[in-house]
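Hi,

Here is the structure I promised to pass on.

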Amino acid sequence: MTENQPTPSEPTPAKPGRFLYAPMTGRLDLISVFEALLKQPGRVIWEISNGRALPVGAALALIAVLPLGVYGIVVGSMSGGSQLWIAPVKIILGSALSLLICLPSLYIFLCLSGSDGNLRQVAGMLISSACLSALLLISFAPVAWVFSQSTDSIGLMGFLHLIFWMVAMCFGLSLLKRCIQLASQSSKGNLAVWMVIYLIVSLQMMTALRPIIGRSETFLPEHKQFFLAHWADSLTKPAK
């Protein structure tokens, strides 16, 4: 009696990983950059470091602005009125200022850790990180809208938006860390310190542009306040 020996199957070719460091293929437009950022961010980083940095960076900036604007409209829908345009303007402005303020420190931290990347590459990687965070925020927009239409508590909505923002930032900073590892070698300790600084700056920037959820007679606040103190005050305020 002879046994049937299983015929060896041909090995399945390995699919390229998400962080394959290679040029983008095909036509370069908003859709291709959007899909590459979600599916193969390594190709986006390659273009920023070695290829079409300017058009890719411009596409990433535009992709980031649109979701932030839509999410801002959802945030402003709780109060309505002028907040429908004030909230998205403040969210876009606060995000852009936080990136600009923290970009020099990120570049210096990377240089001190032995990275040979230039300022253009670092800026492109930071924009990629912010773009991914913005895309995650807009995915949370339907949930945020449901709560904004069913509650009047500014403290509760502020806490909910903070959770969404922290989740989006974690994914964005994780992408930044992986991008830096692809493009150059850097110290994880230095990058971790910078991430903490960036988070604090972003929180304080949004506090400086308050109110974003509630209403106010002035576009900007009349007095300065630390973000932790602002949170404590918001939790004690009654519903609108």
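(Helices, H or I with at least four residues, and strands, E with at least two, are DSSP runs numbered from the N terminus.)

Before going further, a word on what you're looking at. This is a predicted model, where local features need pLDDT of at least 70 and side-chain atom pairs count only at pLDDT 80 or more, while totals for chains, interfaces and linings use all residues. Residues are numbered from 1 along each chain as its sequence is written, and side-chain values use heavy atoms, with hydrogens and water left out.

**The overall picture**

The chain has eight helices and zero strands. Of its 240 residues, 42% count as buried. Buried means under 20% relative accessible area, exposed means over 50%, and partly exposed is in between (1.4 Å probe, protein chains only). The accessible surface comes to about 13,300 Å², and 67% of that belongs to carbon and sulfur atoms; these areas come from the Shrake-Rupley method with a 1.4 Å probe, and for residues only the protein chains shown count as cover. Taking contacts (heavy atoms within 4.5 Å) between residues at least 6 apart in sequence, 67% join residues at least 24 apart.

**The core**

The largest nonpolar core has 56 residues, and the ones touching the most other members are Leu-60, Tyr-71, Leu-106, Leu-176 and Trp-194. H1 (30-39), H2 (41-50), H3 (53-76), H4, H5 (119-148), H6 (154-183) and H7 (188-208) each supply at least two residues of this core. H5 gives the most, with twelve. A core here is a set of buried Ala, Val, Leu, Ile, Met, Phe, Trp, Tyr and Cys residues joined through side-chain atoms within 4.5 Å. Leaving aside neighbours within four places in sequence, Tyr-71 is in contact with Ile-91, Leu-137, Phe-140, Ala-141, Ala-144, His-161 and Phe-164.

**Helix H1**

H1 buries Ser-32, Val-33, Ala-36 and Leu-37. Seen down the axis, they fall within an arc of 130 degrees, so they line one face of the helix; the arc is that of the directions from the helix axis to the C-beta atoms. On the other side of H1, Ile-31 and Lys-39 are exposed.

**Two buried residues**

Glu-47, in H2, counts as buried because its relative accessibility is 2%. Not counting residues up to four places away in sequence, Glu-47 touches Pro-23, Met-24, Arg-52, Ala-53 and Val-56. Thr-207, in H7, is also buried, at 3%. With sequence neighbours up to four places away left out again, its contacts are Pro-221, Gln-225, Phe-226, Phe-227 and His-230.

**Out on the surface**

Together with Trp-85, Phe-219 and Leu-220, Val-89 makes a nonpolar surface patch of about 370 Å².

Which form does the peptide bond from Arg-210 to Pro-211 take, cis or trans? That bond is cis, with omega near -5 degrees. Most peptide bonds are trans. Pro-211 lies in the loop between H7 and H8 (227-236).

Over to you!

Terms used. Patch = residues over 30% accessible without salt bridge, like charges linked within 9 Å, V, L, I, M, F, W, Y side chains within 5 Å. Salt bridge = Lys/Arg side-chain N within 4 Å of Asp/Glu carboxyl O.
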